[in-house]
Amino acid sequence: MIPKQTIYLKAFAKVNLSLDIIGILKNGYHLVETIMQSVSLHDLIILTSNTNTTGITLTCSHPTLCPMEKNTAYRAAKAFFTYCRLKPICITIHIKKNIPSGAGLAGGSADAAAVLYGLNEMYRTKLTLAQLCEIGATIGADVPFCICGGTMLATGIGDKLCTLTPLPACFIVICKPPVCVSTQKAYQKVDSAVNLKHPQTQRICMALEQNDLMTVAQNLKNVFEQVLSISSVQLITAQMKQLGAIGSCMTGSGSAVLGIFSTKQQAEQCAVKLKMQFQDVFICEPTVQGVQLQKMNKLYNV
């Protein structure tokens with residue numbers, strides 16, 4: 001048994017700078033080619049070891065994300081203890097949600113990644129990043145990336161990660177319309193689509209190497225946008241560009257939209273305009289990690 005302690009972690013969201021579907025396997029899994037970027041928008045994960053409880057307990061600021069047995073953070077904790085052959089005697093997980101759900105921002109995967117990272121610290125199990133990613137992959141395809149963070153190219157079924165040159169400093173506005181997308185249905189629409197225009201993913205990789213933010217932003221593209229045709233996504237994308245974004249596209253299978261801005265002032269002006277129409281609007285910056293340990297900030301309302 002470990003002594004009573006509490007660990008606080010930031011679980012960073014991700015956006016897709018490029019997202020392409022390049023094939024499908026016999027087992028139904030899709031082959032992807034995508035550039036993922038972690039951003040400063042985050043959930044707060046609080047892990048507490050408490051001798052007054054038994055097993056794993058999960059609470060969340062959004063009760064709809066329970067029952068806990070189906071929550072990715074809970075499943076990650078169970079997978080960690082199974083992998084390490086430890087008994088989860090007294091762990092409480094609390095999630096302070098900031099990342100909107102059903103947005104393509106990997107909020108659930110980010111929470112799972114933070115739990116794995118935090119339990120490794122709490123139990124001093126000294127698992128490597130590769131081992132944490134191995135556990136994470138059993139929870140969801142985006143979890144390994146959310147453990148590592150930064151700027152990465154994902155291929156295969158999303159499980160093969162390659163570190164890229166970091167995205168140059170910029171400001172990213174994220175806006176989620178009140179629309180949730182079924183990932184399964186999104187993939188089905190891609191499967192039946194013809195004459196898809198594919199992203200120039202390698203062009204973005206080269207632009208990153210050259211620290212060329214403008215070229216990266218101008219080549220943002222998500223293949224799902226072509227098949228989903230969500231009117232609010234199209235509206236937000238157009239408005240972002242009108243308000244100074246040097247590039248904009250939907251992230252994941254939707255429905256959140258990201259816009260890249262070279263100045264904070266332009267990003268703030270865009271966010272103010274979008275907040276007149278949409279509730280979930282955030283200004284963030286690129287991060288070089290997916291999970292961050294931190295001391296508790298008393299300003300957090302958990």
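In the protein chain, 76% of the contacts (heavy atoms within 4.5 Å) between residues at least 6 apart in sequence join residues at least 24 apart. The structure is a predicted model, in which local features need pLDDT of at least 70 and side-chain atom pairs count only at pLDDT 80 or more, while totals for chains, interfaces and linings use all residues. Residues are numbered from 1 along each chain as its sequence is written, and side-chain values use heavy atoms, with hydrogens and water left out.

The secondary structure comprises 10 helices and 12 strands, defined as DSSP runs (helices: H or I, at least four residues; strands: E, at least two) and numbered from the N terminus. Of the 302 residues in the protein chain, 52% are buried, that is, under 20% relative accessible area, with exposed meaning over 50% and partly exposed in between (1.4 Å probe, protein chains only).

Aromatic pairs were assigned to rings of Phe, Tyr and Trp (its six-membered ring) with centres within 6.5 Å; planes under 30 degrees apart count as stacked, over 60 as edge-to-face and the rest as tilted. The count by this rule is 4. The ring centres of F80 and Y123 lie 6.3 Å apart with planes at 55°, so this pair is tilted. F80 belongs to helix α1 (residues 72-84) and Y123 to the loop between α2 (107-122) and α3 (129-137), 43 residues apart. F80 is buried at 0% relative accessibility, and Y123 is buried at 16%. Together with F81, these two residues form one aromatic cluster.

Y187 and F224 form an edge-to-face pair, 5.1 Å centre to centre, with 90° between the planes. Because Y187 lies in helix α5 (residues 183-192) and F224 in helix α8 (residues 223-228), the pair ties together parts 37 residues apart in sequence.
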